[in-house]
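Hi everyone, and thanks for making time for this. I'd like to walk you through a structure, going from charged pairs to packing. Have the sequence and the picture open as we go.

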Amino acid sequence: MYIPSAQLCRRSWRSIVYLKIRAADWIFVLDTLNFSFWTETDTKKWNVNGETGYFAFCAAVSRAIDEGKPMWDPKYYSQITQQDADIIFRGDNEVKIPLIHDRIKGLHEAGKVLLDKYKGTFVECIKSCKGSAEKLLQLIVKEFESYRDEAYYEGHRISIYKRAQILIGDIWACFEGRGLGEFHDIDSIAMFADYRIPQVLVHYGTMRYSDSLMSKLKSDESLKQGSREEVEIRACSIEAVEQVRDEVRRLIAADSKLGLNPLTDVNAIVIDHYLWDYRREYAQELEHIPFHKTRTIYY
């Protein structure tokens, strides 16, 4: 959803954004498939047209559209076959995209819901929420099972909803907060808790891992989805960004020369975009900080 999700494949957006319905459905498909692009240590990376990770994914979807596949249309992707998926996500080498069966399942489920209940377009989901990001979030996690990013922590249900929130954030960013992207409560959306943003937060000292957790991550031990440590890393990332947002707003409010409105110009989405871009730009410098590895459909 972005180059990064922050910018959500802007190069592809610009070619179709004038078709608003298609743009929204394009974003929906991208975020329905936007998960688990990391590679095991010392193994070949899945790559497409020389790109890796999320960028390889964007390249694969764009290539599929160029080859005549209507990737934005639920009539198409609700019936996608294993052979179709193998062709769409074929790489430059023998390495395959992770969790391909989960991606096919997610497309089938999402496409069926849109066709059965929302006139075959995600635009109807957006319109039904009447400009409320919070209502749209609840609709997404209720209607589309693969977005139901939840875990239990000390007896409490923890709702992180990374992909549901990034979907709303990408719609907001694509339409620049206008039209389909206008949400009066966009500030209700938190950062997108994945495995890369924590790297940057640890780099800046905003978060700190215990010695035992750092040792575990450096030893390349995977964390199970929903485990205590995995939930804590993601939940603490959300809280850290909330505190960063509040502090940035305080600084803006204290300096009128900036000419910014702290309540409308800074939110968790903007901060997440900055951190994601920073991680990519300074990837080599941050490489010594391990990221947690969890093979999951939720991020």
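Let's start with a charged pair: Arg 228 and Glu 154 form a salt bridge, and their closest N and O atoms are 2.8 Å apart. Please keep in mind that this is a predicted model. Arg 228 belongs to helix α12, while Glu 154 is in the loop between β3 (150-153) and β4 (156-159), so the pair ties together parts that are 74 residues apart in sequence. Are these two partners covered or open? Arg 228 is partly exposed, at 46% relative accessibility, and Glu 154 is exposed, with a relative accessible area of 55%.

How many salt bridges turn up when the whole structure is searched? The search finds 18. Side chains of opposite charge can pair when their charged atoms come close.

Here is another one that involves α12. Asp 187 forms a salt bridge with Arg 245, and here the closest N and O atoms are 3.7 Å apart. Asp 187 sits in the loop between α9 and α10 and Arg 245 in helix α12, so this pair ties together parts that are 58 residues apart in sequence. Asp 187 is partly exposed, with a relative accessible area of 31%, whereas Arg 245 is buried at 9% relative accessibility.

Next comes Lys 216 with Glu 229, a salt bridge whose closest N and O atoms are 2.8 Å apart. Lys 216 is in helix α11 (residues 211-218) and Glu 229 in helix α12, 13 residues apart. Lys 216 is partly exposed, with a relative accessible area of 22%, and Glu 229 is partly exposed at 22% relative accessibility. There is also a network: shared partners join Asp 187, Glu 242, Arg 245, Asp 246 and Arg 249 through salt bridges.

Lys 162 lies in helix α9, which covers residues 162-174.

The charged end of Arg 163 sits over the ring of Tyr 147, 4.3 Å from the ring centre. Arg 295 does likewise with Trp 38, its charged end being 3.8 Å from the ring centre.

On to the rings themselves: the structure holds 15 aromatic pairs. In one of them, Tyr 54 and Phe 55 have ring centres 6.5 Å apart and planes at 80°, so the pair is edge-to-face. Tyr 54 is buried, with a relative accessible area of 6%, and Phe 55 is buried too, at 9%. For contrast in geometry, the rings of Tyr 204 and Tyr 278 have centres 5.3 Å apart and planes at 40°, so that pair is tilted. Tyr 204 lies in helix α10 (residues 197-204) and Tyr 278 in helix α14 (residues 268-281), so this pair ties together parts 74 residues apart in sequence. Tyr 204 is partly exposed, with a relative accessible area of 42%, but Tyr 278 is buried at 16%. Back with Tyr 54 and Phe 55, both belong to an aromatic cluster together with Phe 37, Phe 57, Phe 89 and Trp 276.

That brings us to the packing. In soluble globular proteins, nonpolar side chains tend to be buried together. The largest nonpolar core here has 69 residues, and those with the most contacts inside it are Trp 46, Phe 89, Phe 122 and Phe 144. Elements giving two or more residues to this core include α2 (20-32), α6 (100-117), α8 (133-143) and α9. Phe 122 touches, among others, Phe 28, Leu 136, Phe 144 and Leu 167. Apart from this core lies another, of 28 residues, among them Leu 201 and Ile 238.

Phe 28 is in helix α2 and is buried at 1% relative accessibility. Its contacts include Tyr 77, Phe 122, Phe 144 and Tyr 147.

The buried residues of α8, including Leu 136 and Ile 140, pack against α6, α7 and α9. As for α10, six of its eight residues are buried, and what covers them includes α12, α14 and α15 (283-286).

Methods:
Residues numbered from 1 in each chain as written. Predicted model: local features only at pLDDT ≥ 70, side-chain atom pairs only at ≥ 80, totals over all residues. Heavy atoms only, no water. Helix = DSSP H or I, 4+ residues; strand = E, 2+ residues; numbered from the N terminus. Phe/Tyr/Trp six-rings, centres within 6.5 Å; stacked < 30°, edge-to-face > 60°. Buried < 20%, exposed > 50% of the residue type's maximum accessible area, 1.4 Å probe, protein only. Lys NZ or Arg CZ within 6 Å of the ring centre and 35° of its normal. Core = buried A, V, L, I, M, F, W, Y, C linked by side-chain atoms within 4.5 Å. Contact = heavy atoms within 4.5 Å. Salt bridge = Lys/Arg side-chain N within 4 Å of Asp/Glu carboxyl O. Lists of a residue's contacts leave out its neighbours within four places in sequence.
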